[in-house]
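Here is a friendly briefing to read with the model open beside you. Have a look at the charged side chains and the strands before you go on.

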Amino acid sequence: MPSGSRNPLVVGRVIGDVLDPFQSTIPMRVSYGNRDVSNGCEFRPSHVVNQPRVTIGGDDLRNFYTLVMVDPDAPSPSNPNCREYLHWLVTDIPATTGATFGNVIVNYESPRPSMGIHRYVFVLFQQLGRQTVYAPGWRQNFNTREFAELYNLGLPVAALFFNCQRESGSGGRTMIN
């Protein structure tokens, strides 16, 4: 990222709404089909039906990571009273591999926003060890910060987000004459 450029996680209010400020230290790549997720890009719901391919960098297979995917705009950006909605949770992912090598704790649920433009956030945490992170009891009102605190995950080591809205693109607002 060139110096002086604004962090897209700050611009997109991911830092603030979901995460505290952090420095990305591990490369993470998320892709749906042959298209990579880049911060702030847009996907249609039909493009994100199947769980994405996630690859994680690092250089030590003894390091394990937890991947969290949340929607901080559920059920709508103007009234996010289900914030954050947990879409996916994978633990025990070894460095240099991907989510398929981890332990799926909460199955992937594809984004289906009905109103407005939603942000879908992938957050990667380094675990203290294997099998140290467990399933939450719910998807609605999940809290990434509290989850990280509960399992001593510290600050994220990477994060990415994309925007998604209803297939029609109207954002759920209908015009009435």
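Please keep in mind that the model is predicted. The count of salt bridges comes to ten, and the strands β5 and β6 pair in the antiparallel sense.

**Salt bridges across the chain**

- Side chains of opposite charge can pair when their charged atoms come close.
- R145 forms a salt bridge with D20, and the closest N and O atoms are 2.8 Å apart. This pair links distant parts of the chain, 125 residues apart: R145 sits in helix α3 (residues 144-150), while D20 is in the loop between α2 (14-17) and β1 (28-32).
- Are these two partners buried, partly exposed or exposed? R145 is partly exposed, with a relative accessible area of 28%, and D20 is partly exposed too, at 37%.
- E109 forms a salt bridge with R139, where the closest N and O atoms are 3.5 Å apart.

- R62 forms a salt bridge with D60, the closest N and O atoms being 3.0 Å apart.
- R62 counts as exposed at 69% relative accessibility, whereas D60 counts as partly exposed at 22%.
- Which residues are linked in a network of salt bridges? They are R13, D17, D73, R83 and R119.

**Strand β5 and its neighbours**

- Eight of the eight residues of β5 are buried, so the strand is largely enclosed by the rest of the structure. Strand β5 covers residues 64-71.
- In a regular strand the side chains alternate between the two faces of the sheet.
- Both faces of β5 are covered. On one side F64, T66, V68 and V70 are all buried, and on the other Y65, L67, M69 and D71 are buried as well.
- β5 pairs with β6 in the antiparallel sense over seven bridges. Within this pairing, F64 stands opposite P94, and V68 stands opposite L89.
- How many bridges join β5 to β8? Six bridges join these strands, which run antiparallel. In β8, Q126 is the bridge partner of Y65.

**Strand β6 and its neighbours**

- Ten of the ten residues of strand β6 (residues 85-94) are buried, so β6 is largely enclosed by the rest of the structure.
- β6 also pairs with β7, in the antiparallel sense, over three bridges. The partner of L89 in β7 is V106.

**Cis peptide bonds**

- Where are the cis peptide bonds described here? One joins A74 and P75, with omega at about -5°; another runs from R83 to E84, with omega near -10°.
- P75 lies in the loop between β5 and β6, and E84 lies in the loop between β5 and β6 as well.
- R83 comes up on two counts: this residue takes part in the network of salt bridges, and the peptide bond from R83 to E84 is cis.

**Positive phi angles**

- R13 has a positive phi of about 60° although it is not a glycine. Its place is the loop between α1 (8-11) and α2.
- R13 counts as partly exposed at 49% relative accessibility, and exposed means over 50%, so R13 does not count as exposed. R13 also belongs to the network of salt bridges with D17, D73, R83 and R119.
- Q131 has a positive phi of about 50°, and Q131 is not a glycine either. Q131 is found in the loop between β8 and α3.
- At 54% relative accessibility, Q131 counts as exposed.

Technical notes: Residues are numbered from 1 along each chain as its sequence is written. This is a predicted model: local features need pLDDT of at least 70, side-chain atom pairs count only at pLDDT 80 or more; totals for chains, interfaces and linings use all residues. Side-chain values use heavy atoms; hydrogens and water are left out. A salt bridge is a side-chain nitrogen of Lys or Arg within 4 Å of a carboxyl oxygen of Asp or Glu. Helices (H or I, at least four residues) and strands (E, at least two) are DSSP runs, numbered from the N terminus. Buried means under 20% relative accessible area, exposed over 50%, partly exposed in between (1.4 Å probe, protein chains only). Two strands pair if DSSP finds at least two bridges between them.
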